[in-house]
Amino acid sequence: MLEFDGLHKSFGDNHVLDGVGFAVAPGSMFGFCGSNGAGKTTTMRIAMGLVRADAGEVRWRGVPLDQETRRRIGYMPEERGLYPKMKVGEQVTYFARLHGVDAGAAAKAAAEWLGRLGLGERRGDPVEKLSLGNQQRVQLAAALVSRPEVLILDEPFSGLDPVGVDSLAEGLLDQVRAGVPVVFSSHQLDLVERLCDSVGILARGRMVATGTVEELRRRDAGRLLRVVVPDAPQGWMAALPGVRVVSEQAGDTLLELAAGADDQSVLAAAVRTGRVTHFAWREPTLVELFREVVAAPTEEAA
Amino acid sequence: MTAPRTPGSGELVRLVAGRELSTRIRDKTFLISSAIILLLVLGGMVFQAVIASGADDVTIGLVGDTATLKPALVAEGTAVGADVTVVGLDDEAAARRAVTDGDVDGALLDGAGASPRLLVERSAGSSLTATVQGAVSRLAVGRQLSAAGIDRLDVPDVGVTELHPGSDPTGERTGIAVVGVIVLYALLILISNFVAQGVVEEKSTRVVELLLSAMKPWQLLAGKVVGLGVLGLAQIVAIAVVGVAGALIFDLVSLPGQLIGTAFTVLAWFVLGYAFYASVFAAGASLVSRQEDLAGVITPMTMLLVAGFFVALRSASDPTGLLATVTSYVPGLSPLVMPVRMAGGGVAWWEVLLAVGLQLVAIALVVRLGGRIYAGALLRTSGRTTIREALRAERL
């Protein structure tokens, strides 16, 4: 297990992290979400030893991370980090060697990873000559080349086109299948929803929600009801107790039911207006979950 | 693939140093500046050689009797330190032509006669006049002596006793030291700037985050300083070898031992100066996040180097003066001034030792303080960090 446990961090008076904790199982992908400035990057930097936590620790296989164990982590920093004028192949080899791979093996591994990521032909080019998407792949190669036991990636998908997103996602899923725990942060929630086994949402320095996407959905399940009543007049459900209108457009109505509100009375009211073409609980998307937990006051979210 | 090991500090420093070396050695700025420095050194020597040979070469045109005058002219020339070439000319008209065309420095008419005349273009140089006057007098005196029945005259040779054998006018020695200091200064500026640019490059591209997740700041700094230092040292050694070899080949110096000694002194002071300036430049550069802001922080440090350079040049003409004496102890200035003072002579061993000691203390302080600033400022990648912020920052 990769465990983030009770991380606290303040920069001056600014409490960035206030007890952040979550765990990632080997062979699973963890999506780390949160608004800008929520503390995702700080959390990852603490894991990489680039920021010192005021309290709490990050453990891998039960042992707190230190300089030695961090060498076994593949890391992709937020705004990327490559030498622009250094050749792609030499660069990846260099990072492998910094992680303790011998010269010959490092060059071989670099060539292999660049080949797998479709950059075999660009090995001799300086990084600055590559497109953003290809630079991102070099960055991934640099993170993967030393065969890390853990991957921590800060916004790996930002700035990629859909094809780039797919190939990067495929690369990460390969790692997960090989048993590597992968943590990545992202604002692209649809992607997180699609790729991740579990999700953590960070807001105001605390984890406001963690669990599998399914678990998070269940938490919110039974609350959003979609009813399509083409012939209904505007405000047909106004009189029903415990029902709030989320959206209403030409009879396509999204309702939020308070705890204890009776869904059958909603159905009855709908039938009274005429035809009912759709009546079903709606699974919230991660985006909706996110908006909800991030907007909610802290005590309710915890 | 074999399982990765945990690289030790030595290996990490070597890896960083190796990257710095292999990157810079292919860098155009470096190659071009190296070529320019080497060309300047070579060009300077060729210039010196031409000037030196030009000053001592005298070509004299001779009308009429060359058989007796020629050996006399050559002998006199040797006595005044000139290399005399004698050219035979037919008559006065030919002599005038040769002088006007610059084929000869002067033409002697009626050299063995009663009224010898020397034709020159504008004015006769001292070695030309002395040579001709000496040769003509010697012949005339010889002729008159034999007319008087004396064919041999006892003229004692003057014995020369050297009070300080091997010592040379300080001019040549300080001259060598000045050339050495110019090279030292140019390389200190160049390599220290490489260090500074490298630090900012890693900060501005955020590579530093990846690097620091695999090593400690001091390992990164040490690798950088060592790698570029090896590069600078290799370059100054190459220049020294070319310079010394060139000077010996062109016969520019009268005391090769002195030259080689000064070359070694300059090399040693380069190491001391580099260790100091590289640390200062690295710490300064770590405070900014963009190449554009670099000039602002390294200008004060560059000024110190420039000041040292000018003081050194000034000291060359007065190596025993107060300015040279005082500044040769000031850390940061001493690497540039002390070699000149040492070349000038009269520096006691304890003075050199004191200057080296002070410089070493300064290096230790700068490495310690600079290392802390560097480690504290390295991950502050937004805008400019103050020295206070860097020192107060948490240490990783």
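What share of the contacts in chain B between residues at least 6 apart in sequence join residues at least 24 apart? Some notes on that and the rest follow.

1. The answer is 75%, where a contact means two residues whose C-beta atoms, placed from the backbone, lie within 7 Å. Keep in mind that this is a predicted model, in which local features need pLDDT of at least 70, side-chain atom pairs count only at pLDDT 80 or more, and totals for chains, interfaces and linings use all residues. Residues are numbered from 1 along each chain as its sequence is written, while chains are lettered from A and ligands numbered from 1 in the order in which they are written.

2. Chain B has 14 helices and 4 strands (DSSP runs numbered from the N terminus: helices are H or I with at least four residues, strands E with at least two). Its radius of gyration is 31 Å, well over the 21 Å that the globule rule gives for 396 residues, so chain B is more spread out than a compact globule. That radius is taken over C-alpha atoms, and the rule is 2.2 Å times the number of residues to the power 0.38. Along the principal axes, the C-alpha atoms of chain B fill a box of roughly 100 × 45 × 45 Å.

3. Chain B splits into domain 1 (14-46 + 170-392) and domain 2 (56-147), with bounds from an automatic or database domain assignment. The C-alpha centres of these two domains of chain B lie 55 Å apart.

4. Of the 396 residues of chain B, 40% are buried, meaning 20 or more other C-beta atoms within 10 Å of a residue's own, with C-beta atoms placed from the backbone. Have a look at α12(B), residues 334-344: 11 of its 11 residues are buried, including Arg341(B) and Ser334(B). Just after α12(B), Gly345(B) takes a positive phi of about 90°.

5. Now the cores (sets of buried Ala, Val, Leu, Ile, Met, Phe, Trp, Tyr and Cys residues joined through C-beta atoms within 7 Å). The largest nonpolar core has 163 residues, of which Val92(A) and Ala282(B) touch the most other members. Leaving out residues up to four places away in sequence, Ala282(B) touches Val195(B), Leu221(B), Lys224(B) and Tyr374(B), among others.

6. Lastly, the contact between the chains takes 29 residues from chain A and 23 residues from chain B. On the side of chain A that touches chain B, the largest share, 4 residues, comes from α3(A).

Terms used. A residue is buried if 20 or more other C-beta atoms lie within 10 Å of its own, exposed if 12 or fewer, and partly exposed in between; C-beta atoms are placed from the backbone.
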